[in-house]
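Let's take a walk through this one together. Keep the viewer open and follow along as we go.

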Amino acid sequence: ITLATVRPETKFGDTAIAVHPDDKRYKKYIGKELKVKTVLGTRTIKVIADKEVDPDFGTGAVKVTPAHDANDFAMWERHKKEIPGPLQVIGLDGRLNENTGPYEGMKVTEAREKVAEDMQAKGLIEKIDENYEHAVALCYKCNAVIEPMLMKQWFVKTKPLAKAAIKAVKEKKTTILPKNYEKVYFHWMENIRDWNISRQNWWGISIPAWICEDCPKEEWIVTDGKKPTSCVKCKGKNLKQDEDVFDTWFSSGQWPFATLRFPNHKDYKTFYPTDVMETAADILFFWVARMMMLSLYQTKKVPFKYVYLHGLVRDKDRQKMSKSKGNVIDPLGVIDTYGTDALRIALTIGNMPGRDTAISEDKIRGYRNFVNKLWNISRFVLLETKDFNEKKRPTLSLKDKAILKEFEKIAKKTTKALDEFRFSHAAEDLYHYIWHTYADKVIESSKPVLKDAKTRQARQYVLVKVLADSLKLLHPFMPFITEEIYQQLPLQKKQTTLMIESWPK
Ligand SMILES: [Zn+2]
Ligand SMILES: [Zn+2]
(Lines give C-alpha, C1' and ligand atoms only; values in the text may rest on other atoms or scores of the structure.)
(Ligands and ions follow the chains in the order given, each with its own letter.)
Protein backbone atom coordinates (compact mmCIF):
# COMPACT_ATOMS: atom_id res chain seq x y z
CA ILE A 1 0.00 0.00 0.00
CA THR A 2 1.33 3.41 -0.95
CA LEU A 3 0.24 6.37 1.18
CA ALA A 4 0.21 10.00 0.18
CA THR A 5 1.10 12.56 2.83
CA VAL A 6 2.31 16.13 3.17
CA ARG A 7 3.48 15.51 6.71
CA PRO A 8 6.09 12.74 6.80
CA GLU A 9 7.40 14.11 10.13
CA THR A 10 4.21 13.05 11.90
CA LYS A 11 4.48 9.43 10.69
CA PHE A 12 5.71 8.39 14.12
CA GLY A 13 2.27 9.22 15.42
CA ASP A 14 0.41 7.11 12.86
CA THR A 15 -1.94 4.66 14.49
CA ALA A 16 -3.67 3.20 11.43
CA ILE A 17 -4.02 3.18 7.67
CA ALA A 18 -7.50 4.07 6.46
CA VAL A 19 -9.19 3.16 3.18
CA HIS A 20 -12.72 3.46 1.85
CA PRO A 21 -14.77 0.33 2.68
CA ASP A 22 -15.72 -0.17 -1.00
CA ASP A 23 -12.26 0.34 -2.45
CA LYS A 24 -11.56 -2.89 -4.35
CA ARG A 25 -7.80 -2.33 -4.35
CA TYR A 26 -7.59 -2.50 -0.58
CA LYS A 27 -10.56 -4.62 0.48
CA LYS A 28 -8.36 -7.60 1.24
CA TYR A 29 -6.31 -5.63 3.78
CA ILE A 30 -9.19 -4.25 5.84
CA GLY A 31 -8.95 -5.34 9.46
CA LYS A 32 -5.46 -6.81 8.96
CA GLU A 33 -2.28 -5.84 10.76
CA LEU A 34 0.38 -5.08 8.18
CA LYS A 35 4.11 -5.19 8.68
CA VAL A 36 5.57 -1.99 7.28
CA LYS A 37 9.07 -0.68 6.90
CA THR A 38 9.71 2.73 8.42
CA VAL A 39 12.72 4.93 8.99
CA LEU A 40 12.78 3.56 12.54
CA GLY A 41 12.61 -0.08 11.43
CA THR A 42 9.73 -2.46 10.88
CA ARG A 43 6.46 -1.99 12.71
CA THR A 44 2.91 -3.24 12.45
CA ILE A 45 -0.10 -1.09 11.66
CA LYS A 46 -3.75 -1.89 11.17
CA VAL A 47 -5.84 -1.11 8.09
CA ILE A 48 -9.29 0.25 8.84
CA ALA A 49 -12.24 1.08 6.61
CA ASP A 50 -13.85 4.51 6.90
CA LYS A 51 -16.40 6.15 4.62
CA GLU A 52 -14.73 9.55 5.04
CA VAL A 53 -11.72 8.39 3.03
CA ASP A 54 -11.93 9.62 -0.55
CA PRO A 55 -10.81 6.72 -2.79
CA ASP A 56 -10.01 9.15 -5.60
CA PHE A 57 -7.74 11.34 -3.52
CA GLY A 58 -4.03 10.47 -3.66
CA THR A 59 -3.67 6.70 -3.55
CA GLY A 60 -6.96 6.22 -1.74
CA ALA A 61 -5.11 5.07 1.38
CA VAL A 62 -4.28 7.54 4.13
CA LYS A 63 -2.30 7.49 7.32
CA VAL A 64 -4.21 8.22 10.50
CA THR A 65 -2.42 10.55 12.94
CA PRO A 66 -5.00 11.39 15.60
CA ALA A 67 -2.63 13.44 17.78
CA HIS A 68 -1.88 15.96 15.04
CA ASP A 69 -4.89 16.24 12.78
CA ALA A 70 -8.49 17.01 13.65
CA ASN A 71 -9.96 14.73 10.95
CA ASP A 72 -7.70 11.90 12.01
CA PHE A 73 -8.75 12.45 15.59
CA ALA A 74 -12.39 12.13 14.54
CA MET A 75 -11.45 8.98 12.61
CA TRP A 76 -9.87 7.49 15.75
CA GLU A 77 -13.02 8.33 17.70
CA ARG A 78 -15.01 6.26 15.22
CA HIS A 79 -12.59 3.33 15.45
CA LYS A 80 -11.58 3.47 19.11
CA LYS A 81 -12.03 -0.25 19.56
CA GLU A 82 -9.87 -1.21 16.60
CA ILE A 83 -6.81 1.02 16.81
CA PRO A 84 -4.52 2.57 19.42
CA GLY A 85 -5.19 6.07 20.74
CA PRO A 86 -3.38 9.28 19.75
CA LEU A 87 0.38 9.30 20.06
CA GLN A 88 1.82 12.77 20.36
CA VAL A 89 5.08 13.27 18.46
CA ILE A 90 5.35 17.08 18.48
CA GLY A 91 5.68 19.00 21.74
CA LEU A 92 4.44 22.43 22.75
CA ASP A 93 7.89 23.76 21.86
CA GLY A 94 7.16 22.94 18.20
CA ARG A 95 9.83 20.24 18.15
CA LEU A 96 9.64 16.48 17.70
CA ASN A 97 9.51 14.66 21.01
CA GLU A 98 10.86 11.45 22.54
CA ASN A 99 8.57 9.27 20.42
CA THR A 100 10.54 10.05 17.29
CA GLY A 101 13.92 8.43 17.99
CA PRO A 102 16.78 10.24 16.30
CA TYR A 103 14.52 13.09 15.21
CA GLU A 104 13.80 14.20 18.76
CA GLY A 105 14.48 17.91 19.23
CA MET A 106 14.15 18.83 15.57
CA LYS A 107 11.78 21.60 14.52
CA VAL A 108 8.76 20.45 12.51
CA THR A 109 9.94 21.84 9.16
CA GLU A 110 13.47 20.55 9.72
CA ALA A 111 12.18 17.08 10.56
CA ARG A 112 9.90 17.09 7.52
CA GLU A 113 12.93 17.41 5.21
CA LYS A 114 15.06 14.97 7.17
CA VAL A 115 12.42 12.24 7.41
CA ALA A 116 11.68 12.50 3.69
CA GLU A 117 15.39 12.31 2.94
CA ASP A 118 15.88 9.25 5.12
CA MET A 119 12.83 7.55 3.66
CA GLN A 120 14.19 8.16 0.21
CA ALA A 121 17.55 6.70 1.20
CA LYS A 122 15.79 3.57 2.45
CA GLY A 123 13.75 3.29 -0.72
CA LEU A 124 10.49 4.01 1.07
CA ILE A 125 9.36 6.83 -1.20
CA GLU A 126 7.63 6.11 -4.46
CA LYS A 127 7.31 9.66 -5.68
CA ILE A 128 7.59 13.25 -4.48
CA ASP A 129 5.12 15.66 -6.06
CA GLU A 130 6.77 19.08 -5.88
CA ASN A 131 3.74 20.80 -7.38
CA TYR A 132 1.20 19.60 -4.88
CA GLU A 133 -0.57 22.46 -3.11
CA HIS A 134 -2.67 22.24 0.01
CA ALA A 135 -4.22 24.61 2.50
CA VAL A 136 -2.75 25.09 5.96
CA ALA A 137 -4.32 27.01 8.81
CA LEU A 138 -2.45 30.16 9.81
CA CYS A 139 -2.56 32.22 12.97
CA TYR A 140 -4.82 35.21 12.32
CA LYS A 141 -2.43 37.49 14.18
CA CYS A 142 1.09 36.46 13.19
CA ASN A 143 0.49 34.18 10.17
CA ALA A 144 2.47 31.32 11.71
CA VAL A 145 1.38 27.82 10.67
CA ILE A 146 -0.97 26.36 13.26
CA GLU A 147 0.07 22.97 14.57
CA PRO A 148 -2.92 20.85 15.63
CA MET A 149 -2.21 19.31 18.99
CA LEU A 150 -4.06 17.45 21.69
CA MET A 151 -4.51 19.39 24.90
CA LYS A 152 -6.81 19.11 27.86
CA GLN A 153 -9.47 21.80 27.68
CA TRP A 154 -12.76 22.69 29.32
CA PHE A 155 -15.87 22.12 27.26
CA VAL A 156 -19.52 23.02 27.59
CA LYS A 157 -21.90 20.28 26.58
CA THR A 158 -23.99 22.27 24.14
CA LYS A 159 -26.60 19.85 22.78
CA PRO A 160 -29.10 20.30 25.64
CA LEU A 161 -28.53 24.07 25.66
CA ALA A 162 -29.04 24.27 21.91
CA LYS A 163 -32.22 22.24 22.15
CA ALA A 164 -33.80 24.82 24.47
CA ALA A 165 -32.53 27.67 22.30
CA ILE A 166 -34.06 26.13 19.16
CA LYS A 167 -37.36 25.58 20.95
CA ALA A 168 -37.55 29.21 22.10
CA VAL A 169 -37.23 30.53 18.54
CA LYS A 170 -39.61 27.90 17.13
CA GLU A 171 -42.16 28.97 19.74
CA LYS A 172 -41.57 32.62 18.75
CA LYS A 173 -40.45 33.64 22.21
CA THR A 174 -37.59 35.24 20.33
CA THR A 175 -37.90 36.45 16.74
CA ILE A 176 -34.82 36.90 14.59
CA LEU A 177 -34.93 39.61 11.92
CA PRO A 178 -34.56 39.32 9.03
CA LYS A 179 -36.47 36.07 9.13
CA ASN A 180 -34.12 34.17 6.82
CA TYR A 181 -31.51 34.26 9.58
CA GLU A 182 -33.70 32.00 11.68
CA LYS A 183 -32.83 29.24 9.22
CA VAL A 184 -29.13 29.98 9.67
CA TYR A 185 -29.63 29.93 13.43
CA PHE A 186 -31.45 26.58 13.35
CA HIS A 187 -28.81 25.09 11.09
CA TRP A 188 -26.04 26.09 13.48
CA MET A 189 -27.89 25.01 16.56
CA GLU A 190 -28.82 21.63 15.12
CA ASN A 191 -25.22 20.92 14.13
CA ILE A 192 -23.61 22.36 17.21
CA ARG A 193 -20.57 20.69 18.74
CA ASP A 194 -19.36 20.88 22.30
CA TRP A 195 -17.96 24.31 23.02
CA ASN A 196 -14.35 24.69 24.05
CA ILE A 197 -14.45 27.52 26.57
CA SER A 198 -10.87 27.51 27.89
CA ARG A 199 -8.15 29.65 26.37
CA GLN A 200 -4.42 29.85 27.00
CA ASN A 201 -4.27 33.64 27.08
CA TRP A 202 -2.62 35.95 29.55
CA TRP A 203 -5.62 38.20 29.86
CA GLY A 204 -9.15 37.05 30.61
CA ILE A 205 -11.47 35.76 33.30
CA SER A 206 -9.76 32.98 35.25
CA ILE A 207 -11.41 29.60 35.15
CA PRO A 208 -12.66 28.81 38.66
CA ALA A 209 -11.20 25.32 38.75
CA TRP A 210 -8.51 23.99 41.07
CA ILE A 211 -6.47 20.84 40.74
CA CYS A 212 -5.40 18.87 43.78
CA GLU A 213 -1.66 18.33 43.85
CA ASP A 214 -1.92 15.60 46.48
CA CYS A 215 -4.36 13.28 44.73
CA PRO A 216 -2.68 10.58 42.67
CA LYS A 217 -5.31 10.89 39.95
CA GLU A 218 -6.22 14.19 38.31
CA GLU A 219 -8.80 15.69 40.66
CA TRP A 220 -10.49 19.00 39.77
CA ILE A 221 -12.64 21.14 42.04
CA VAL A 222 -14.85 23.63 40.23
CA THR A 223 -16.45 26.46 42.23
CA ASP A 224 -18.47 29.60 41.55
CA GLY A 225 -15.26 31.63 41.89
CA LYS A 226 -14.14 31.17 45.48
CA LYS A 227 -10.99 29.23 46.17
CA PRO A 228 -11.90 25.91 47.78
CA THR A 229 -10.32 25.26 51.17
CA SER A 230 -9.47 21.63 50.60
CA CYS A 231 -9.68 18.78 48.13
CA VAL A 232 -13.04 17.01 48.17
CA LYS A 233 -11.32 13.63 47.67
CA CYS A 234 -8.25 13.60 49.93
CA LYS A 235 -8.91 16.74 52.02
CA GLY A 236 -5.44 17.92 50.97
CA LYS A 237 -4.77 21.64 50.90
CA ASN A 238 -2.35 21.77 47.99
CA LEU A 239 -4.68 23.25 45.42
CA LYS A 240 -3.57 25.00 42.28
CA GLN A 241 -5.88 27.10 40.14
CA ASP A 242 -6.10 26.36 36.44
CA GLU A 243 -4.07 28.93 34.51
CA ASP A 244 -6.51 29.02 31.61
CA VAL A 245 -9.05 31.79 31.06
CA PHE A 246 -12.53 31.72 29.58
CA ASP A 247 -13.25 32.19 25.91
CA THR A 248 -14.44 35.79 25.64
CA TRP A 249 -17.79 34.64 24.18
CA PHE A 250 -18.39 32.59 27.30
CA SER A 251 -18.54 35.76 29.37
CA SER A 252 -20.20 37.97 26.75
CA GLY A 253 -22.75 35.19 26.28
CA GLN A 254 -23.89 35.94 29.83
CA TRP A 255 -24.15 39.66 29.20
CA PRO A 256 -27.99 39.89 29.12
CA PHE A 257 -28.48 38.77 32.71
CA ALA A 258 -25.05 39.39 34.25
CA THR A 259 -25.16 43.13 33.52
CA LEU A 260 -28.61 43.36 35.12
CA ARG A 261 -27.31 41.53 38.19
CA PHE A 262 -29.29 38.34 38.01
CA PRO A 263 -31.11 37.03 40.01
CA ASN A 264 -32.18 39.52 42.67
CA HIS A 265 -31.42 43.06 41.59
CA LYS A 266 -34.31 45.28 40.58
CA ASP A 267 -32.64 46.03 37.23
CA TYR A 268 -32.87 42.37 36.38
CA LYS A 269 -36.46 42.19 37.55
CA THR A 270 -37.41 45.31 35.60
CA PHE A 271 -35.50 44.99 32.36
CA TYR A 272 -35.14 41.28 31.71
CA PRO A 273 -35.86 40.06 29.11
CA THR A 274 -34.98 43.03 26.99
CA ASP A 275 -37.09 43.89 23.93
CA VAL A 276 -34.59 44.19 21.11
CA MET A 277 -31.04 42.95 20.69
CA GLU A 278 -29.40 44.79 17.82
CA THR A 279 -26.14 43.41 16.50
CA ALA A 280 -24.17 42.47 13.39
CA ALA A 281 -25.32 39.47 11.37
CA ASP A 282 -21.84 37.94 11.41
CA ILE A 283 -21.92 37.33 15.16
CA LEU A 284 -25.30 35.61 15.18
CA PHE A 285 -23.59 32.40 16.22
CA PHE A 286 -20.68 33.72 18.30
CA TRP A 287 -22.79 36.02 20.39
CA VAL A 288 -26.56 35.79 19.89
CA ALA A 289 -26.69 31.99 19.94
CA ARG A 290 -24.52 31.88 23.05
CA MET A 291 -26.64 34.51 24.80
CA MET A 292 -29.72 32.46 24.00
CA MET A 293 -28.22 29.24 25.33
CA LEU A 294 -26.62 30.61 28.48
CA SER A 295 -29.52 32.91 29.37
CA LEU A 296 -32.10 30.15 28.96
CA TYR A 297 -29.92 27.88 31.07
CA GLN A 298 -29.44 30.40 33.84
CA THR A 299 -32.74 32.31 33.93
CA LYS A 300 -35.11 29.85 32.19
CA LYS A 301 -36.27 32.80 30.09
CA VAL A 302 -35.19 34.10 26.69
CA PRO A 303 -32.87 37.12 26.96
CA PHE A 304 -34.69 39.19 24.31
CA LYS A 305 -37.91 39.21 22.32
CA TYR A 306 -36.39 40.38 19.04
CA VAL A 307 -32.97 40.08 17.49
CA TYR A 308 -32.41 42.69 14.81
CA LEU A 309 -29.37 41.98 12.67
CA HIS A 310 -27.61 44.62 10.64
CA GLY A 311 -25.16 44.07 7.81
CA LEU A 312 -21.75 45.60 7.26
CA VAL A 313 -21.26 49.14 6.02
CA ARG A 314 -19.47 49.01 2.67
CA ASP A 315 -18.10 51.73 0.43
CA LYS A 316 -19.91 53.12 -2.62
CA ASP A 317 -18.57 50.27 -4.78
CA ARG A 318 -19.80 47.80 -2.17
CA GLN A 319 -16.24 47.00 -1.14
CA LYS A 320 -15.57 46.11 2.45
CA MET A 321 -13.93 49.06 4.16
CA SER A 322 -10.37 48.44 5.21
CA LYS A 323 -7.38 50.51 6.18
CA SER A 324 -5.19 48.89 3.53
CA LYS A 325 -7.64 49.78 0.74
CA GLY A 326 -7.90 53.33 2.05
CA ASN A 327 -11.68 53.36 1.56
CA VAL A 328 -12.68 53.79 5.18
CA ILE A 329 -15.10 56.62 5.87
CA ASP A 330 -14.25 57.89 9.33
CA PRO A 331 -17.56 58.64 11.05
CA LEU A 332 -16.02 61.35 13.24
CA GLY A 333 -14.54 63.14 10.24
CA VAL A 334 -17.86 62.93 8.40
CA ILE A 335 -19.67 64.28 11.45
CA ASP A 336 -17.33 67.27 11.55
CA THR A 337 -18.09 68.05 7.92
CA TYR A 338 -21.76 67.13 7.52
CA GLY A 339 -23.13 66.76 11.03
CA THR A 340 -24.24 63.77 13.06
CA ASP A 341 -27.85 63.86 11.88
CA ALA A 342 -26.82 63.69 8.22
CA LEU A 343 -24.66 60.64 8.90
CA ARG A 344 -27.35 58.93 10.97
CA ILE A 345 -30.10 59.27 8.41
CA ALA A 346 -27.73 58.37 5.55
CA LEU A 347 -26.95 55.14 7.39
CA THR A 348 -30.64 54.42 7.96
CA ILE A 349 -32.16 55.02 4.54
CA GLY A 350 -31.54 52.17 2.13
CA ASN A 351 -30.29 49.94 4.92
CA MET A 352 -32.16 46.63 5.16
CA PRO A 353 -31.78 44.25 8.09
CA GLY A 354 -29.11 41.60 7.69
CA ARG A 355 -27.89 43.03 4.41
CA ASP A 356 -24.74 45.02 3.83
CA THR A 357 -25.27 48.67 3.07
CA ALA A 358 -23.24 51.01 0.88
CA ILE A 359 -22.29 54.45 2.10
CA SER A 360 -20.51 57.24 0.27
CA GLU A 361 -19.71 60.83 1.03
CA ASP A 362 -22.18 61.81 -1.72
CA LYS A 363 -24.98 60.04 0.07
CA ILE A 364 -24.14 61.73 3.37
CA ARG A 365 -23.91 65.10 1.60
CA GLY A 366 -27.38 64.46 0.15
CA TYR A 367 -28.84 64.01 3.60
CA ARG A 368 -26.96 67.04 4.89
CA ASN A 369 -29.06 68.91 2.31
CA PHE A 370 -32.15 67.40 3.86
CA VAL A 371 -31.06 68.60 7.30
CA ASN A 372 -30.65 72.09 5.81
CA LYS A 373 -34.06 71.84 4.18
CA LEU A 374 -35.68 70.99 7.50
CA TRP A 375 -33.88 73.92 9.09
CA ASN A 376 -35.07 76.34 6.39
CA ILE A 377 -38.67 75.14 6.62
CA SER A 378 -38.56 75.65 10.35
CA ARG A 379 -37.14 79.17 10.00
CA PHE A 380 -40.10 80.01 7.82
CA VAL A 381 -42.64 78.52 10.21
CA LEU A 382 -41.03 80.19 13.23
CA LEU A 383 -40.99 83.57 11.49
CA GLU A 384 -44.60 83.26 10.39
CA THR A 385 -45.86 82.18 13.80
CA LYS A 386 -44.35 84.88 16.01
CA ASP A 387 -47.89 86.13 16.71
CA PHE A 388 -49.34 82.63 17.06
CA ASN A 389 -51.61 82.16 20.04
CA GLU A 390 -52.07 78.52 20.82
CA LYS A 391 -54.92 79.12 23.24
CA LYS A 392 -57.30 80.43 20.64
CA ARG A 393 -58.79 77.42 18.86
CA PRO A 394 -59.15 78.47 15.22
CA THR A 395 -61.82 77.28 12.83
CA LEU A 396 -60.10 75.06 10.31
CA SER A 397 -60.86 75.30 6.62
CA LEU A 398 -61.32 72.24 4.45
CA LYS A 399 -57.81 72.74 3.13
CA ASP A 400 -56.42 72.95 6.69
CA LYS A 401 -58.16 69.71 7.55
CA ALA A 402 -56.86 68.05 4.40
CA ILE A 403 -53.28 68.94 5.35
CA LEU A 404 -53.73 67.46 8.82
CA LYS A 405 -55.35 64.36 7.37
CA GLU A 406 -52.49 63.76 4.97
CA PHE A 407 -49.97 64.12 7.76
CA GLU A 408 -51.91 61.69 9.92
CA LYS A 409 -51.49 59.07 7.22
CA ILE A 410 -47.71 59.59 7.19
CA ALA A 411 -47.57 59.40 10.98
CA LYS A 412 -49.46 56.10 10.97
CA LYS A 413 -47.28 54.73 8.20
CA THR A 414 -44.12 55.69 10.08
CA THR A 415 -45.33 54.10 13.30
CA LYS A 416 -46.23 50.90 11.49
CA ALA A 417 -42.85 50.75 9.76
CA LEU A 418 -41.05 51.24 13.08
CA ASP A 419 -43.17 48.58 14.76
CA GLU A 420 -42.17 46.21 11.98
CA PHE A 421 -38.47 47.13 12.21
CA ARG A 422 -38.55 48.70 8.74
CA PHE A 423 -36.42 51.65 9.78
CA SER A 424 -35.35 52.53 6.26
CA HIS A 425 -38.97 52.78 5.08
CA ALA A 426 -39.94 54.92 8.06
CA ALA A 427 -37.12 57.40 7.47
CA GLU A 428 -37.62 57.46 3.72
CA ASP A 429 -41.36 58.18 3.96
CA LEU A 430 -40.67 61.04 6.35
CA TYR A 431 -37.94 62.40 4.11
CA HIS A 432 -40.28 62.48 1.12
CA TYR A 433 -43.14 63.93 3.09
CA ILE A 434 -41.06 66.77 4.54
CA TRP A 435 -39.36 67.63 1.29
CA HIS A 436 -42.03 67.08 -1.35
CA THR A 437 -45.25 67.65 0.55
CA TYR A 438 -44.64 69.86 3.56
CA ALA A 439 -41.99 72.10 1.99
CA ASP A 440 -43.02 72.08 -1.67
CA LYS A 441 -46.80 72.08 -1.32
CA VAL A 442 -48.00 72.96 2.19
CA ILE A 443 -45.62 75.84 2.81
CA GLU A 444 -45.86 77.20 -0.72
CA SER A 445 -49.66 77.16 -0.68
CA SER A 446 -49.70 78.65 2.83
CA LYS A 447 -48.00 81.89 1.83
CA PRO A 448 -51.20 83.62 0.56
CA VAL A 449 -53.29 81.97 3.31
CA LEU A 450 -51.03 83.47 5.98
CA LYS A 451 -51.37 86.92 4.44
CA ASP A 452 -55.12 86.87 4.97
CA ALA A 453 -56.00 87.81 8.56
CA LYS A 454 -59.13 85.63 8.47
CA THR A 455 -57.26 82.44 7.62
CA ARG A 456 -53.85 83.21 9.16
CA GLN A 457 -54.53 81.88 12.67
CA ALA A 458 -55.87 78.52 11.49
CA ARG A 459 -52.99 77.96 9.09
CA GLN A 460 -50.47 78.88 11.79
CA TYR A 461 -52.03 76.18 13.94
CA VAL A 462 -51.73 73.62 11.13
CA LEU A 463 -48.13 74.51 10.29
CA VAL A 464 -46.98 74.32 13.91
CA LYS A 465 -48.89 71.13 14.62
CA VAL A 466 -47.52 69.28 11.59
CA LEU A 467 -43.99 70.55 12.14
CA ALA A 468 -44.02 69.62 15.83
CA ASP A 469 -45.29 66.12 15.11
CA SER A 470 -42.85 65.69 12.22
CA LEU A 471 -40.02 66.52 14.59
CA LYS A 472 -41.20 63.81 16.95
CA LEU A 473 -41.28 61.26 14.15
CA LEU A 474 -37.88 62.32 12.86
CA HIS A 475 -36.29 62.48 16.30
CA PRO A 476 -35.05 58.86 16.42
CA PHE A 477 -33.22 59.42 13.14
CA MET A 478 -32.06 63.03 13.55
CA PRO A 479 -32.00 63.78 17.28
CA PHE A 480 -29.96 66.99 17.25
CA ILE A 481 -31.64 69.26 14.76
CA THR A 482 -35.11 68.09 15.76
CA GLU A 483 -34.41 68.91 19.40
CA GLU A 484 -33.02 72.32 18.49
CA ILE A 485 -36.08 73.25 16.43
CA TYR A 486 -38.50 71.79 18.96
CA GLN A 487 -37.10 74.01 21.69
CA GLN A 488 -37.93 77.07 19.55
CA LEU A 489 -41.50 76.10 18.66
CA PRO A 490 -44.21 78.52 19.86
CA LEU A 491 -45.92 75.92 22.05
CA GLN A 492 -47.14 76.46 25.60
CA LYS A 493 -46.59 73.01 27.02
CA LYS A 494 -43.25 71.58 26.09
CA GLN A 495 -41.27 68.78 27.63
CA THR A 496 -37.72 69.42 28.77
CA THR A 497 -36.59 67.31 25.84
CA LEU A 498 -38.26 66.07 22.68
CA MET A 499 -37.51 62.45 23.38
CA ILE A 500 -40.02 62.31 26.23
CA GLU A 501 -42.83 63.83 24.19
CA SER A 502 -45.67 61.47 23.41
CA TRP A 503 -45.58 59.83 20.00
CA PRO A 504 -48.02 61.29 17.41
CA LYS A 505 -51.14 59.22 16.98
ZN1 LIG B 1 0.28 33.83 16.14
ZN1 LIG C 1 -6.89 15.59 46.58
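The structure holds 23 aromatic pairs, where rings of Phe, Tyr and Trp (the six-membered ring for Trp) pair if their centres lie within 6.5 Å, and planes under 30 degrees apart count as stacked, over 60 as edge-to-face and the rest as tilted. Before picking some out, a word on the ground rules: this is a predicted model, where local features need pLDDT of at least 70 and side-chain atom pairs count only at pLDDT 80 or more, while totals for chains, interfaces and linings use all residues. Residues are numbered from 1 along each chain as its sequence is written, chains are lettered from A and ligands numbered from 1 in the order in which they are written, and side-chain values use heavy atoms, with hydrogens and water left out.

Start with Phe-257 and Phe-262. Their ring centres sit 5.6 Å apart with the planes at 75°, so this pair is edge-to-face. How accessible is Phe-257? Its relative accessibility is 4%, so Phe-257 counts as buried; the cut-offs, using a 1.4 Å probe and protein chains only, are under 20% relative accessible area for buried, over 50% for exposed, and partly exposed in between. Phe-262, at 27%, is partly exposed. Another edge-to-face pair is Phe-421 with Phe-423, at 6.0 Å centre to centre and 80° between the planes. Here Phe-421 is buried at 11%, and Phe-423 is partly exposed at 27%.

A nonpolar core here is a set of buried Ala, Val, Leu, Ile, Met, Phe, Trp, Tyr and Cys residues joined through side-chain atoms within 4.5 Å. The largest one has 53 residues, and the members touching the most others are Val-381, Tyr-438 and Met-478. Helices H9 (331–338), H10 (340–348), H11 (361–384), H12 (398–419), H13 (423–451), H14 (453–474) and H15 (479–488) each give two or more residues to this core; helices (H or I, at least four residues) and strands (E, at least two) are DSSP runs, numbered from the N terminus. H13 gives the most, with 11 residues. Phe-285 belongs to a second, separate core of 35 residues, which also includes Ala-162, Ile-166 and Trp-287. In soluble globular proteins, nonpolar side chains tend to be buried together.

What is Tyr-438 in contact with, leaving aside its neighbours within four places in sequence? The list is Ile-377, Val-381, Tyr-433, Ile-443, Leu-463, Val-466 and Leu-467, where contact means heavy atoms within 4.5 Å. After H10 comes Gly-350, with a positive phi near 85°.

Now for the sheets. An open sheet of four strands runs in the order S2-S3-S1-S4 with mixed pairing, and two strands pair if DSSP finds at least two bridges between them. S2 (33–38) and S4 (61–64) are the edge strands, each pairing on one side only. S2 and S3 (residues 41–49) are antiparallel over six bridges and form a hairpin with two residues between them. Strands of a sheet pair through backbone hydrogen bonds, either parallel or antiparallel.

Another open sheet has three strands in the order S10-S9-S11, with antiparallel pairing. Its edges are S10 (220–222) and S11 (239–241). Three bridges join S9 (residues 209–212) to S11, and Cys-212 is partnered with Leu-239 in S11.

Last stop: the zinc ion (ligand 1). Its protein donors are the SG atoms of Cys-139 and Cys-142, lying 2.2 Å from the ion. Donors are N, O and S atoms within 2.8 Å of the metal (3.2 Å for Na, K and Ca), and water is not among the atoms, so sites may look incomplete. Cys-139 is partly exposed at 22%, whereas Cys-142 is exposed at 55%.
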